[in-house]
Amino acid sequence: MFCPECGATDVEMVEGICKNCYLKKFQLMEIPENITVTICKHCNAKLEEGKWKDEYIPEDEIIYRALENNIKLSDLAENEEIELEIDQMRGTIAECYVEAVATVLGEDIVETHTPNVKLNYSVCPDCSKRNAGYYEAVIQLRADDRQLKDEEIEKAEEIINRTLNKQYKKDKLAYIPQVARLKEGNDYYIGSLKSAKKVVEHLKDELGGKIKESPRLISEDKSTGKGLYRIWISLRLPKFEIDDFVKYQDKIYQINAIDGNRIQLNDLESQEKLALKWREYDSIEKQNINGVQKAIITAKSPRELQILDPDDYSPIDLEMNDKLNKYNIGEEIDVIKIDGRIFVI
Ligand SMILES: [Zn+2]
Ligand SMILES: [Zn+2]
């Protein structure tokens with residue numbers, strides 16, 4: 001056997017020529033001289049086969065990945081090691097350096113290339129919606145029969161931001177393009193309905209209240225007759241707050257706790273606890289009191305505690321319970337008056 005190219009004899013042959021001649025012509029890797037990547041200039045998402053994906057990846061990383069994806073290595077390469085470098089940026093073009101080291105047919109081979117990666121900036125559909133102030137839902141934060149308190153707004157906005165930040169990882173429309181602060185409450189415009197619903201869920205979990213959803217027709221496509229709807233979701237915080245006094249089924253209670261599932265009450269007479277579902281909300285009546293008064297204890301028996309009405313000093317007998325039992329004659333206790341009746345608080 002001899003090599004038809006160099007005439008060498010007694011040498012290892014590859015595809016009809018000697019190994020030396022073969023390796024001289026051998027190309028270890030293929031990589032295009034110019035690679036173009038389309039990315040969103042706002043979120044760095046990459047356009048690939050008509051789909052935008054992998055947002056928030058740094059540009060360097062995008063360039064390295066583009067190089068990697070475009071490298072084709074020979075099947076004969078063994079123990080290959082590839083080094084990628086960005087030499088310099090010229091405008092939107094990254095001038096790169098790629099070095100591959102591998103063993104081919106027992107010989108170590110080094111090959112270098114200097115491809116360019118061009119970043120083609122565009123705007124992905126989600127970012128363009130965001131820039132246009134697009135929204136799918138509006139959360140109306142209100143309080144029932146009263147004004148919202150500053151602390152309630154602060155707490156609500158903390159929950160809204162926290163939830164949207166979390167949602168944003170999977171929903172790029174989890175943003176607030178607009179907040180309208182109105183006399184009756186605040187309207188929070190939310191990019192996606194899905195995230196708006198999550199926000200309302202969390203608001204109700206922590207603050208309680210009643211939710212109502214109503215779609216509104218924004219515009220109509222005349223040719224198809226199809227309407228474009230946006231969803232308004234109102235969350236009405238309860239008329240009462242923790243420690244307020246309420247009437248429910250003719251008994252007077254103090255509010256102990258409020259959450260998304262129930263309203264917890266304390267019976268002012270028996271000290272028994274009661275938990276009501278939100279569907280009972282409309283049957284709970286807020287009681288306005290004129291302030292807390294002091295009443296003196298004048299008698300105590302196993303079954304009753306006698307106090308003096310702080311307004312007219314007439315004696316009043318209260319049925320004994322664990323709470324009252326802690327007091328002794330001569331001590332003063334806090335009372336309130338509702339409908340002319342006296343309650344120890
Ligand atoms: Zn040869
Ligand atoms: Zn984008």
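User: In the hairpin of β8 and β9, which residue takes a positive phi?

Analyst: A quick heads-up: this is a predicted model, where local features need pLDDT of at least 70, side-chain atom pairs count only at pLDDT 80 or more, and totals for chains, interfaces and linings use all residues. Residues are numbered from 1 along each chain as its sequence is written, while chains are lettered from A and ligands numbered from 1 in the order in which they are written. Strands (E, at least two residues) and helices (H or I, at least four) are DSSP runs, numbered from the N terminus. The hairpin of β8 and β9 has two residues between the strands, and the positive phi, near 65°, belongs to G91.

User: How many bridges pair β8 with β9?

Analyst: Strands count as a pair if DSSP finds at least two bridges between them. β8 (residues 78-90) and β9 (residues 93-104) run antiparallel, and their bridges number 10.

User: What is the count of buried residues in β8?

Analyst: A residue is buried if 20 or more other C-beta atoms lie within 10 Å of its own, exposed if 12 or fewer, and partly exposed in between, with C-beta atoms placed from the backbone. β8 has 13 residues and is hardly covered, since its buried count is zero.

User: Is D108 buried or exposed?

Analyst: D108 is found in strand β10 (residues 107-113). Leaving out residues up to four places away in sequence, D108 touches V101 and T103 (a contact means C-beta atoms, placed from the backbone, within 7 Å). The C-alpha atoms of D108 and N79 are separated by 9.6 Å, although the two are 29 residues apart along the chain. Because D108 has 9 other C-beta atoms within 10 Å, it counts as exposed.

User: What separates the centres of domain 2 and domain 4?

Analyst: The protein is divided into domain 1 (13-124), domain 2 (133-237), domain 3 (245-285) and domain 4 (293-344). Those bounds come from an automatic or database domain assignment. Taken over C-alpha atoms, the centres of domain 2 and domain 4 are separated by 48 Å.

User: How far does α4 reach from its first C-alpha to its last?

Analyst: Helix α4 covers residues 150-167, which makes 18 residues. The expected span is 1.5 Å times one less than the number of residues. For α4 that expectation is 26 Å, and the helix comes close to it with 25 Å.

User: What arc do the buried residues of α4 cover around the axis?

Analyst: The buried residues are A156, I160, T163, L164 and Q167. The arc is that of the directions from the helix axis to the C-beta atoms. These residues sit on the same side of α4 because their arc is only 95°.

User: Which helix is included in what covers the buried residues of α4?

Analyst: On the other side of α4 you'll find exposed residues, including D150, E151 and R162. For the buried ones, the cover includes strands β12 (137-143) and β14 (185-190), along with the helix α5.

User: Which residue in β16 stands opposite S214?

Analyst: β15 is joined by 10 bridges to the antiparallel β16 (residues 227-237). The two form a hairpin with six residues between them, where G225 in the turn has a positive phi of about 75°. Opposite S214 stands W232.

User: Which strands stand at the edges of the open sheet of five strands?

Analyst: The order is β20-β19-β18-β17-β21, with antiparallel pairing. Two of these strands have a single partner each, so one side of each is left without a neighbour in the sheet: β20 and β21.

User: What does the twist average from one strand to the next in that sheet?

Analyst: Axes are lines fitted to C-alpha atoms, for helices over the stretch in contact, and angles run from 0 to 180 degrees between N-to-C directions. In this sheet of five strands, the twist averages 45°.

User: Which residue in the turn of the β19 and β20 hairpin has a positive phi?

Analyst: β19 and β20 pair in the antiparallel sense over five bridges, and the bridge partner of I263 in β20 is L276. Five residues lie between the strands, and the positive phi of about 65° belongs to Q271.

Methods:
Contact = placed C-beta atoms within 7 Å.
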